[in-house]
Amino acid sequence: MGMAFCRACGRQISDEAFACPQCGAPQRSGPPPGTRPRKDKVTAGLLAIFLGGLGVHRFYLGDWWGIFYLLFCWTFIPGIVAFIEGIIFLTMKDDAWNAQYGAR
């Protein structure tokens, strides 16, 4: 772990810091380590409706079990399930979406 200088106040800080502990100025762009960007419910819903038979929506949401959609896509059952999931995603309330999928 190296050291760097704050872009705003010039104090010496860790080069991995997202913000200066002294003045609070942001040092890097992007989310802090260990967090993932929020997933959009409209994107997930549309992926489920149009490409859900291949599990694309599950991979977008970070679910490993999207592989089962790929394995059984020849049965068309994943396509039907994904279409229903897409409708559920699109009609889900924002609070419920964020609690279940938003911060994945």
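What follows is a short exchange about a predicted model.

Biologist: What makes up the secondary structure of the protein?

Modeller: The protein has 5 helices and 2 strands. From the N terminus the order is β-β-α-α-α-α-α.

Biologist: Why is Trp64 called exposed?

Modeller: Its relative accessibility is 63%. Exposed means over 50%, so Trp64 counts as exposed. Trp64 sits in the loop between helix H2 (56–61) and H3.

Biologist: Which residues form the nonpolar patch on the surface?

Modeller: Leu54, Phe59, Trp64, Trp65, Ile67, Phe68, Leu70, Leu71, Phe72 and Trp74. Together they have about 1100 Å² of accessible area.

Biologist: Which helix gives the largest share of the nonpolar patch?

Modeller: Helix H3 (residues 66–71), with 4 residues.

Biologist: Which residues of helix H1 are buried?

Modeller: In H1 (residues 41–51), Lys41, Ala44, Gly45, Leu47 and Ala48 are buried. For each of them, that means under 20% relative accessible area.

Biologist: How do you know that the buried residues of H1 line one face of the helix?

Modeller: Seen down the axis of H1, they fall within an arc of 165°, so they line one face. In general, an α-helix has 3.6 residues a turn, so residues three or four places apart point the same way.

Terms used:
Residues are numbered from 1 along each chain as its sequence is written. This is a predicted model: local features need pLDDT of at least 70, side-chain atom pairs count only at pLDDT 80 or more; totals for chains, interfaces and linings use all residues. Side-chain values use heavy atoms; hydrogens and water are left out. Buried means under 20% relative accessible area, exposed over 50%, partly exposed in between (1.4 Å probe, protein chains only). The arc is that of the directions from the helix axis to the C-beta atoms. Patches are made of residues with over 30% relative accessible area and no salt bridge: like charges are joined within 9 Å, nonpolar side chains (Val, Leu, Ile, Met, Phe, Trp, Tyr) within 5 Å. Accessible areas come from the Shrake-Rupley method with a 1.4 Å probe; for residues, only the protein chains shown count as cover. A salt bridge is a side-chain nitrogen of Lys or Arg within 4 Å of a carboxyl oxygen of Asp or Glu.
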